[in-house]
Amino acid sequence: MNRRALSALALAALVSTPLAAWSQTPAYPSKPIKFIVPYAPGGLPDTVAREVAQRLTERLGQSVVVDNRPGGNGVVAYQSLLQSTPADGHTFIVSDGSMLSITPLLNKAANYQVGKDILPVSLIARSPLFIVAHPKVNVNTFAEFVSTVKAKPGAFTYGSSGIGSTHHLPMEALKPALQLDVRHIPYRGSGQSTPALVGGQVEFSVAALPSMLGFYNNGQVKLLASNAIARSPQAPTIPTIAETVPGFDFSVAIGVLAAGNTPPYAIERISKEIAEAVKHPELVRKFQTAVIDPIGAGPAEYGQVIARENEAMAKAGKIADLKAE
């Protein structure tokens with residue numbers, strides 16, 4: 001075979017392979033998409049999922065519906081994801097990172113592995129939590145919080161939304177970093193922990209700003225510091241814990257996850273569409289009102305965020321002496 005014939009064959013191979021691959025990719029999405037949320041309606045992941053679902057419905061030409069499946073700290077949602085057959089990229093989970101970082105520390109049934117059984121698709125957004133004080137403690141700044149707690153070891157309490165929650169473990173990680181002795185009082189969700197702080201049953205709490213904003217504006221609670229790496233644009237005068245403890249970052253990451261056998265083209269499409277959806281002015285406005293920072297990062301970056309959070313939460317879980325059951 002002469003050189004010209006070989007060149008022709010090589011060119012044909014270069015052209016035909018992408019065309020063949022393209023022709024084998026089915027039209028996507030071809031039916032409604034489901035976002036499974038492992039919490040009851042009204043929480044942070046549910047809020048994010050519904051806003052993004054609305055924008056994706058507009059962009060994709062297919063409805064995107066939210067299916068709330070609370071239970072087992074994410075295990076019920078994961079099982080529901082696995083039961084969605086065929087795995088054709090029309091069912092996803094939208095969650096914070098706790099089902100990946102905290103649930104395995106508490107529940108032996110959470111034996112799924114990121115990168116194998118469950119895949120990162122898109123980091124939609126991040127949202128900080130805040131250390132909040134009741135006025136009776138007479139603590140106005142994070143520095144005063146540290147000095148006051150240190151002066152009376154074991155005398156003060158803080159409330160959280162439950163053992164092993166994203167409100168619990170950041171404070172447990174902070175305690176050895178600053179040699180703090182403050183007792184943990186777990187509640188069943190923010191619906192109980194917020195009234196406990198406002199009512200003075202606990203002196204401090206870790207909470208999302210939207211749940212505290214009205215009380216803060218009325219002078220019923222005081223914001224001391226956020227657990228994000230940078231100050232929130234919605235609360236620019238409130239310092240971060242990282243300004244005192246370098247690298248401290250326990251802000252809540254909300255993202256989209258897929259089953260391990262989800263087609264790559266589906267993951268790529270959803271990731272790209274979310275990256276555009278989070279730029280929508282109305283979505284940005286609503287997120288900012290709720291102190292949520294839109295991001296829209298892809299699978300690789302989201303995977304790195306998950307890995308860092310898993311490592312940080314594992315260390316905090318050891319401090320809190322969490323044991324899987």
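The largest pocket holds about 860 Å³ of space. A pocket here is an open set of points on a 1 Å grid over the protein atoms alone, with protein on both sides within 12 Å along at least five of seven lines, and lining residues have an atom within 4 Å of a point. Grid points are joined across faces, edges and corners, and a volume is the space filled by probe spheres set on the points.

The model is predicted: local features need pLDDT of at least 70, side-chain atom pairs count only at pLDDT 80 or more, and totals for chains, interfaces and linings use all residues. Residues are numbered from 1 along each chain as its sequence is written, and side-chain values use heavy atoms, with hydrogens and water left out.

**Pockets and cavities**

Lining the largest pocket are 35 residues, with Y39, D96, S161, H167 and S190 nearest its centre. Two or more lining residues come from each of helix 2 (44-60), helix 5 (103-106) and helix 9 (209-217). Helices (H or I, at least four residues) and strands (E, at least two) are DSSP runs, numbered from the N terminus. Helix 2 has the largest share of this lining, three residues.

In the second largest pocket, G247, D249, F250, R308 and A312 lie nearest the centre. Helix 12 gives the most to its lining, with 10 residues.

The structure also holds three cavities of 30 Å³ or more. A cavity is a set of grid points where a 1.4 Å probe fits but cannot get out. Among the residues lining the largest cavity are L129, F130, I131, P170 and M171; strand 5 (129-133) and helix 7 each give two or more residues to that lining. The second largest cavity is lined by residues including D96, G97, Y302 and E309, and helix 12 gives the most to its lining, with five residues.

In the table, Ala, Val, Leu, Ile, Met, Phe, Trp, Tyr, Cys and Pro count as nonpolar, Asp, Glu, Lys and Arg as charged, and the others, Gly among them, as polar.

| Space | Volume | Lining residues by class |
|---|---|---|
| Largest pocket | about 860 Å³ | 17 nonpolar, 16 polar, two charged |
| Second largest pocket | about 450 Å³ | 13 nonpolar, two polar, seven charged |
| Largest cavity | about 60 Å³ | nine nonpolar, one polar, no charged |
| Second largest cavity | about 40 Å³ | five nonpolar, two polar, two charged |

**Helix 7 and helix 12**

Helix 7 (residues 169-178) and helix 12 (residues 299-319) pack at about 70 degrees, with their axes 8 Å apart. Axes are lines fitted to C-alpha atoms, for helices over the stretch in contact, and angles run from 0 to 180 degrees between N-to-C directions. The two helices are therefore roughly perpendicular, a term for angles of 65 to 115 degrees. L169, E172, A173 and P176 of helix 7 meet M313, A316, G317 and I319 of helix 12. Contact means heavy atoms within 4.5 Å.

Six strands form an open sheet of mixed pairing, in the order 2-1-3-10-4-11. Two strands pair if DSSP finds at least two bridges between them. Strand 2 (64-68) and strand 11 (293-297) are the edge strands. Strand 4 (residues 118-127) pairs with strand 11 in the antiparallel sense over three bridges, and L123 has A297 in strand 11 as its bridge partner. Helix 10 (residues 264-277) packs on the sheet, and its direction makes about 10 degrees with that of strand 4.

Notes:
Parallel < 35°, antiparallel > 145°, perpendicular 65-115°, else oblique.
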